[in-house]
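Here are a few notes to read alongside the model. Take them one at a time and find each residue as you go.

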Amino acid sequence: MNMHPTPASERIELIDTIRGFAIFGILLVNMAFYSSPLYLYVTDVRLWDGMTDQLAQWLIRFVAESKFYSLFSFLFGLGLALQMARAETRGADFLPLYVRRLLILLLIGGIHATLLWAGDILAPYALLGFLLLLFRNRKLRTIIIWAIVCLLIPVLLMGIGFVALELGRSIPQAAEQINSQFARQSAEYRALVYQSLRVYGAGSFAQVMGQRLQDLGFSYFGLIFYAPNILALFLLGLYVGKQRIFLDVPSHLPFIRRVMWWGLGLGIVGNLVFATAREYANPSEPTLPAFVFTAAIAVGAPALCFFYAAAIVHLTQHEAWRKRLSPLAAVGRTAISNYLFQSVLCTVIFMSYGFGLYGKVGPAAGLALTIVIYILQVVISQWWVKRFQFGPVEWLWRSLIYRRRQPFRLAQAAAD
């Protein structure tokens with residue numbers, strides 16, 4: 001039997017609502033990286049020292065940083081489980097179709113990363129998606145064990161680095177060399193901060209493209225540290241999908257409530273530690289504060305991520321809240337298009353070939369801009385899904401996956 005895209009009538013609106021919320025959080029975090037150098041994350045350079053900007057930055061770290069790519073990753077793994085279940089129901093061959101899905105996502109992500117923004121997450125998702133396929137038929141216990149192992153890998157790496165660094169510094173001659181090496185590294189990153197400000201703020205299109213490719217190398221090097229977290233959330237999403245929780249929410253509400261309250265408690269504690277320790281740590285140096293915030297985020301990020309998801313599930317069991325949150329589902333149905341739209345719009349706002357505001361918008365103004373852009377996305381998405389079956393990028397993606405042009409307008413899909 002041939003597979004075909006899931007019709008709008010068969011989509012699980014609750015999952016689209018959570019995905020739409022995740023799109024807001026992703027923009028909230030990414031705004032800093034759209035508007036200022038990636039290298040600020042690993043230097044002590046501060047472009048904004050005002051109290052309002054510092055408070056906004058701390059708040060974003062506490063409520064959003066690492067939580068929303070975690071939520072998006074969880075939904076990715078959940079999607080794999082649901083697609084496998086649909087394929088099994090229809091008697092279709094799932095694997096070739098899903099591999100093609102990942103390859104096309106990799107292509108879309110590669111184009112996005114080179115032409116728009118070096119912080120692309122789609123290509124890493126596609127690559128890690130191939131690893132996720134290895135777990136599709138594994139036992140639930142195996143999936144959970146590997147998820148925990150993946151969450152602990154960055155903590156282990158930072159811990160080993162910290163111990164090795166302290167042992168090295170206990171030897172006077174080695175300490176001098178180590179400190180010199182870190183001083184050179186810090187100087188290089190500071191130089192890259194100011195180079196990025198100059199190129200993105202006033203450079204030619206060719207110079208911007210060159211800088212973006214350099215940033216892309218730096219961004220993908222970071223995969224060593226955040227890829228295990230992504231895979232861990234993939235696996236947790238796969239676990240929940242195999243448990244069929246989203247296919248029968250009412251019978252799982254007691255479990256969902258426990259997840260919500262445990263997620264809130266662990267999330268608050270973990271992220272308080274993370275956001276505070278992050279003020280005193282450089283992620284590129286394995287110091288004690290860096291180890292502390294790495295350990296804290298390993299617990300705090302998934303915990304708060306699950307609180308967000310469980311809270312939305314709980315709220316949507318009430319008709320009034322389901323109506324209030326339903327606009328988010330429109331954003332979630334067109335999630336990839338909205339994600340790429342954020343890059344297009346922010347490129348125009350910040351790059352030299354647009355409005356040239358790069359390095360001129362601090363965290364507080366970025367927070368306000370995020371809210372404005374997201375409201376715009378909600379309005380456009382609601383208008384769009386009333387007329388079209390897919391977002392524009394989703395339509396292209398599915399047409400390539402299924403090797404035939406998909407119906408675009410809702411009227412056309414109904415006629416077919």
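The points below cover salt bridges.

1. Some ground rules: this is a predicted model, where local features need pLDDT of at least 70 and side-chain atom pairs count only at pLDDT 80 or more, while totals for chains, interfaces and linings use all residues. Residues are numbered from 1 along each chain as its sequence is written, and side-chain values use heavy atoms, with hydrogens and water left out.

2. A search of the whole structure turns up five salt bridges (a side-chain nitrogen of Lys or Arg within 4 Å of a carboxyl oxygen of Asp or Glu).

3. Start with R19 and D16, whose closest N and O atoms are 2.9 Å apart. Both sit in helix α1, three residues apart, about one turn of the helix (helices are DSSP runs of H or I, at least four residues, numbered from the N terminus). R19 is buried at 16% relative accessibility, and D16 is buried too, at 3% (buried means under 20% relative accessible area, exposed over 50%, partly exposed in between, with a 1.4 Å probe and protein chains only).

4. Next, look at D44 and R190, which form a salt bridge at 3.7 Å, N to O. D44 is in the loop between α1 and α2 and R190 is in helix α7, so this pair ties together parts 146 residues apart in sequence. D44 is exposed at 59%, while R190 is partly exposed at 30%.

5. Finally, R46 bridges to E279, with the closest N and O atoms 3.1 Å apart. R46, R61 and E279 are linked in a network of salt bridges. R46 is partly exposed at 40%, and E279 is partly exposed at 27%.

Technical notes:
Helix = DSSP H or I, 4+ residues; strand = E, 2+ residues; numbered from the N terminus.
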